[in-house]
Amino acid sequence: MTVADQRGLVIGARIASGTVAAGVAALVIAAVAFLPLPTVGPEPRSVTVEPAPADQVRVCPGATMRIGDETGGSADTAFAIGAATTDGAVLTGDLERTRLASADASASPAAAPEELRSAPGDGALIGGAQIQSVDATDFRGLAAASCAEPSGSIWLVGGAMTVGRTTLLVLANPTDVPSRVTLEIFGEEGPISAPGMAGIDVPANGQTVLSLAGFAPGVASPIVHVTARGGRVVATLQQSIVRGLDAVGVEATGGGTDPAASLVVPGVRVVDTIGTNRASALADWQDVGPVIRIAAPGDAEGRATVRVVPETPGSVGTSFVLDLEPGTVTEVPLDSGFGEGEVTGEAGEETGGVGGLAVGGLGDGVYTVFVDADVPVVAGVRASTAVDSGVEPEPDAILDAPDSDLAWFAAAPPLDGEALVVVPDAPSPLVSIVNPTQGDVEVELAPLRAGATPILVAIPAGGAVSVGVEPGGYMVSGAQELSIAVTFAAPGALASFVASPARPVAGPLVVHPD
Amino acid sequence: MPGVSAILVARDGGDTAERALDTQTRRPDAVVVVSAGTSLARAVAGLPTADGPEWLWLLPADAVPEPDALARLLAAVEVAPSVVIAGPKLVDPGDRALLRSFGESVTGYGATVGLADDELDQSQHDADDDVLGVVLPGMLVRRAMWDLLGGPDPGLRGSDAGLDLSIRARLAGGRVVRVAGARVAVAPSPQDFTRRRPLGAAAQYRARRAAQLHRRMAYAPGAAVPLHWLSLLPLALVRSLGLLLGKRPAAIPGEIAAALTAIFDGSVAGARRTFRRSRRVGWTAIAPLRIPPDVVRERRASARDREHARTGPPDLVRAGFFPGGLAVTLVAALLGAVLALRLLGSTAITGGALLPLSVDPGTLWAGLTGGAQDGPVDPFRAVLAVLGSLTPWNPSLALVALWVVALPLAALAAWWCATRLSTRTWPPILAAALWMLAPSFLAALIEGRPGAVLAHVLLPWLLFALLEAPRSWSAAGAAGLLFAAVVACAPVLAPVLVAAIVAWAVAHPRALIRIVAIPLPALVLAAPLIAAQLARGTPLGLLADPGVAVPSAVPSGWQLLLGSPSAGVGGWTQFASALGLPELVATPASIALLAPLAAVVLLALFLPGAGRALPATVLALGGLLTAVASVHLAPSSSGGSAVTIWAGTGLSLYWAGLIAAVVVAMAALGRLAVGVGAAVLLSTALAVTPSLVALATGAGPVIATDGRTLPAIVAAEAVGDPDLGTLVLRPLDDGSLAASIDRGAGTTLDEMSTFAATRPAPDESQRELAELAGNLASRGGFDPAPVLDRLGIEFVVLTPGTGGDSELVRERAAEALDAQPALDAVGDTGRGSLWRYPDHVPVAASEGSSSLGALALSAQAVVVGLTVLLALPTGRRRRLAGPGTHHELDDDHDEGFDSAGFDDDGFGDDRG
């Protein structure tokens, strides 16, 4: 074999091996590029944590408060006026009742906010309500409030800071940590900003009382959004009216529904229409007619349809449409629908002025107010009572003031089937149940006191029924998606509160421990 | 004429001596044949004493005495009646001018020294006939003296039997001479001629050492014997370390065995009795015949010089470091500094899989003992401890430094490794440049993956050491350490590297054990982890990347082929969109720019040298398959996401194989090499330009930091309470919550544990942690105080949301934490909102490590320490061949080990 032959052999072998290697490489490249392969490995670690349920807690706001004493001194200090009567009930287990520290250090224990507590458990229902009939300097009227669950976000519709109207924000913190509260106030001119609206401290297991006039003096139609960081709070608006020199109305308004596209205000009691009609002719009595206060707190303007539906067959209802500016409160008489098809929200102090014509539209009775809007809205209804003096007053005459009171009817959130409603001992209590659903519903009201027979109430779709009941606790069942309000009315006395479902407990959370 | 009996010791197949005796000018009067292995003393005792021979001549049956040998021996003893033993010149049968043995002596410490072993006979020893001893073969010994001494010490089988007999003869008042005129040709290693079979190299070492120890015990004064006996084992261990340093690990078993033999040596008592009986004069009488220390040193030095002269200069010509290697390293250093400009001056870096290290080296090393909670520690932790100890005043700085000098380190390593593949200047430079521009390496720097960066820097050194391992114990030791480090940094490389090592061992069967043992240190380091993972049933977890588990976008097969371990095709996707180009151009651009490299690799398979290019491409293939496997294995999870193994380390190996093929091709391309190489380099540099830009602009997550991972108040609090717990809650995009507990001033990189990260399901403590986190993040009736106390938690950190549903979870958690009566809100910090548990009581020191863990740790330390000793280069002995018999033991190119070199143990002075 020659050298050339050998070289040829070597080169030939190299070409052969190189070709094989290149072929293998091509195969590998194709395989890597195109072969789908599964991924192997354990599932990521995760634990779904069901948070431990907390005690059920309700807080009753406590006695009516005033800022400054009767003589006008101590203008920064809160004083309790008398004491409210609180009733609480639980379905099962023990009810633990304790008092928080009142903002008025010198007040009697009975004047302090009361905390109702029961251990968590299946079907553990708790409820409570308080009532106070006040007759003191500058304060006269009937105020009722439900004992509410503490929350981090509360919408309050009510109050006024015009002359003679005092509105206090009563904050109670039943938790063991201090709460830092931030306020958003909407008025007829739009959102209000003022110093001190953020970082309001509510001490742990304590109470703080503020005058809204400090933030929004002169605002006629406030809507307040309370947010709390740290401890959750129960917020109540307390409004009192002095017309001239006469104290004619005290009201406590609890939290209503969060902004929603559909609202239900149950059990609006229009009473003494003749008396109020007559009284509205008096100086500073223009705001005794029933009104709806509504606002779209979001960024978008919207349009709301308000339907005022009487409970009693044969009575006349009404409906009207409102255009809403974002963040601006609109307040119009409930009977705006009569005569005009549509009322543009020109809210203001003058609104009451045109009431003389309109109030005649709604007769005495229990009404349900439905609000349907294309944006989330908050709303509430105010009604007043005034004992008919029997004489037609001269316009703007100053006469003896008739006995009078006001009430704010809050929008009631839909219930989740069962609720414990406590009706305090006050005149003419009505439990108003609204069925906004598409089907007829039968609701059972089972009195908690022994030996009483349950009351069965059939409510047609879209209808409402009010039931006169004895004071006491009632176990309401079958109230899925229904709204309930409890109202009281007597000559010169009007009060209401709504039943709220228990806040949903914190849902399960997926935690990845590392 | 005195009577002479020749004692022939017969081994299989040797009767030359018997025939040679017939041709002697002075024939022995009687010939006694004994078979090897039987006692010489007994054979001699069988001879008649009264009329018996005056002299005994001991001969191996296969020896060839020259015809006048006996006559000359007798002539020498006849003129000097005091002579009791005479030894001939033992020469090589093939080359009579090569001395096998011609007199023996001992050093001050009693080690045997052959006076003329394996020297060329130039009559240089002929003038001097008085010696301390001679070997048994060829020895002519007076019968009377033989009887007095009781023959050879039965405790000495072969080695040193002649020397011992001679020494005892001298102490009994006789003289021992060597006779230059008498020559006997003998087979190699004549000392063990009484054995049935010649000994192997390792056994010879053992026999020599055992004989020395036996003599030491036999000669020592009575009072010193217990001392010597006690010193035997410690001395053997110390000398074993010396043997390791001297790159003679194969001799270590012999050393230990010799010491054990000496410890249980029952023949010492008899030997001492015989010794005492015959002794007439003191040790001082023979002192002049011992080798003085300066002569010992001189002889050792001249032996080394002879070996230098014998083996000649190193057989491999390497490219000089100047100027090529230096230039490429300097360019790399400059580039690296420019790319890391924004990190210069910072004390720590974080981001990606990076975290700061513990604050001091003590903590780093103490962490190796591990805690019971996180299971066995990762070997990577040891790597970090070594790395952090480079800057002991601030270990985290070592990571910053690594990021700054990574490029020059990689370039230097690749240059050095490539010099083993090419003797020319240009290919190593090309290899260095290509290696530091590896897409996977740049991606590791961008994404902040310290393990991958270290693996990339160490990989060329490992390949270099592997290439050298068949020649050198030192390189094998270094390869063992480097393998352990690389596998610690990138466990996923272990399978392919082990396969490569096994293939390499099969290719070098003479160094099989040495190469196969390379993974041993890595195996020992990982043993606790391996045992724990196997016991838990998660063997896959062994492959998980150490350090912080970071989920990454999984690259496609095409992207892997282009060397890109991330989904961005080496940053081209982002680069293209930044330039306003459609993202679709990314892959074609990358393919086009890497095409020259691929073409040269393909070419290498056809050019001369394809035989070396082929293994290189197989290595590349192994790396590629490792990368493909990596992206399909998700052994660990973090925050609810499965974390795949990072493909970059496999791609580094892939890239190494490609570069090796390029280097081989360069050698075959001749004058074209520079041009082709420059084209490859330029196009590759263009291909990775987006990565370089990303690195320079800090597009990745790596940022300079102050070394803190938790809010400052936690760090301040942790100063006095190092076990302080901080619950870290991280809202995740999917609306879930990740929870972990940091101890002390924050979790550091060295505290990360793959065993914890690869937990297949939450265990009891994790469930407890999850319950705590879930309830703290929810309003409810949960009382966290007992759990917070038990876990030693003082702070709760809620990190900012990252978009998606994380904001909702964060809101929920923040609200709940605010409302939690057990916690005080501290406020918002740059690292998240902070709550404090005011009732926290510092817990006494955390659980210590188990005794089993300490045992494992010390075993690991011993193995690594021994490997370090083995790996330490021991000066110029390095490329020397051992003398004669050491060849088999040490392989041909390894350092020679002078058997006398470690006899200066300072403990064995037999004079007492």
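Hi everyone! What we have here is a predicted model, so local features need pLDDT of at least 70 and side-chain atom pairs count only at pLDDT 80 or more, while totals for chains, interfaces and linings use all residues. Residues are numbered from 1 along each chain as its sequence is written, with chains lettered from A and ligands numbered from 1 in the order in which they are written.

Let's start with chain A. Its secondary structure comes to three helices and 34 strands; helices (H or I, at least four residues) and strands (E, at least two) are DSSP runs, numbered from the N terminus. The C-alpha atoms of chain A fill a box of roughly 145 × 55 × 50 Å along the principal axes. Of its 514 residues, 51% count as buried, where buried means that 20 or more other C-beta atoms, placed from the backbone, lie within 10 Å of the residue's own.

Now to chain B. The domain assignment, which is automatic or from a database, gives domain 1 (4-310), domain 2 (351-705) and domain 3 (712-836). The centres of domain 2 and domain 3 of chain B, taken over C-alpha atoms, are 35 Å apart. Their contact takes 31 residues from domain 2 of chain B and 18 residues from domain 3 of chain B; two residues are in contact if their C-beta atoms, placed from the backbone, lie within 7 Å.

What about the inside? The largest nonpolar core has 168 residues, and B:Ala411, B:Val486 and B:Val662 have the most contacts inside it. Such a core is a set of buried Ala, Val, Leu, Ile, Met, Phe, Trp, Tyr and Cys residues joined through C-beta atoms within 7 Å. Helix α14 (residues 395-418) of chain B gives this core its largest share, 18 residues. Leaving out residues up to four places away in sequence, B:Ala411 touches several residues, including B:Val328, B:Trp435 and B:Met436. A second, separate core of 136 residues includes A:Val59 and A:Ile154.

Finally, how many residues does each chain give to the contact between them? Chain B gives 52 residues and chain A gives 45 residues. On the side of chain B that touches chain A, α31(B) supplies the largest share, eight residues. Strands meet across the two chains as well: strand β34 (residues 509-513) of chain A and β16(B) pair in the parallel sense over three bridges, where pairing takes at least two DSSP bridges. Look for A:Val511, whose bridge partner in β16(B) is B:Leu737.

Key:
Buried ≥ 20, exposed ≤ 12 C-beta atoms within 10 Å, placed from the backbone.
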